[in-house]
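Hi there,

Here is the structure I promised to pass on. My notes on it follow below.

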Amino acid sequence: MDLTALKTFNGKEGLVRAGQKMPDVDTDRAKDLIRLGLASQYVVKPMEPETKVGGNKPSTLEDLRTEAQTLGVEEAAKMKKPDLEKAIKAKQAERAQRDEQLKLAEELGIENAAELEPEALATAIEEKQKTAE
């Protein structure tokens with residue numbers, strides 16, 4: 001019986017990866033793999049490992065590393081999944097705070113706000129707010 005692996009597993013066949021075709025599997029073995037949810041007779045899209053980051057979107061480790069690198073997380077390629085998730089959330093929070101600062105700076109009429117370091121921008125905002133009072 002021809003099967004398609006639904007999940008990555010180690011079996012009699014050795015390491016079988018999700019999505020891998022398994023031709024001519026013994027009928028009893030095929031029934032066991034199907035019953036355990038490891039394979040299907042039908043051509044299907046394999047299940048991906050899931051993790052939650054920044055919402056309900058499932059992410060693979062590769063997706064997390066790509067997002068972390070995009071956000072500027074240092075040494076993202078060496079991090080494990082939980083550390084990546086924390087670092088991504090921290091960077092997202094940092095960016096959200098920066099966006100809020102820039103929005104406030106624009107409202108206050110601070111020129112070249114985007115070029116200022118976060119601490120310098122915070123100081124400029126405080127000074128502008130004091131003079132506005």
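For accessibility, buried means under 20% relative accessible area, exposed means over 50%, and partly exposed lies in between (1.4 Å probe, protein chains only). Please bear in mind that this is a predicted model, where local features need pLDDT of at least 70, side-chain atom pairs count only at pLDDT 80 or more, and totals for chains, interfaces and linings use all residues. Residues are numbered from 1 along each chain as its sequence is written, and side-chain values use heavy atoms, with hydrogens and water left out.

Salt bridges first: the structure has two, each defined by a side-chain nitrogen of Lys or Arg within 4 Å of a carboxyl oxygen of Asp or Glu. One pairs Glu94 with Lys91, with 3.6 Å between the closest N and O atoms. Both residues sit in helix α3, three residues apart, about one turn of the helix (helices are DSSP runs of H or I, at least four residues, numbered from the N terminus). Glu94 is partly exposed at 46% relative accessibility, and Lys91 is partly exposed at 22%.

The other joins Asp32 and Arg35, whose closest N and O atoms are 3.5 Å apart. Asp32 is partly exposed at 34%, while Arg35 is exposed at 62%.

Now the packing. Helix α2 (residues 61-71) and α3 cross at roughly 35°, their axes coming within 10 Å; axes are lines fitted to C-alpha atoms over the stretch in contact, and angles run from 0 to 180 degrees between N-to-C directions. Lys91 turns up again here, among the α3 residues that meet α2, contact meaning heavy atoms within 4.5 Å.

Enjoy looking around!

Definitions and conventions: Helix = DSSP H or I, 4+ residues; strand = E, 2+ residues; numbered from the N terminus.
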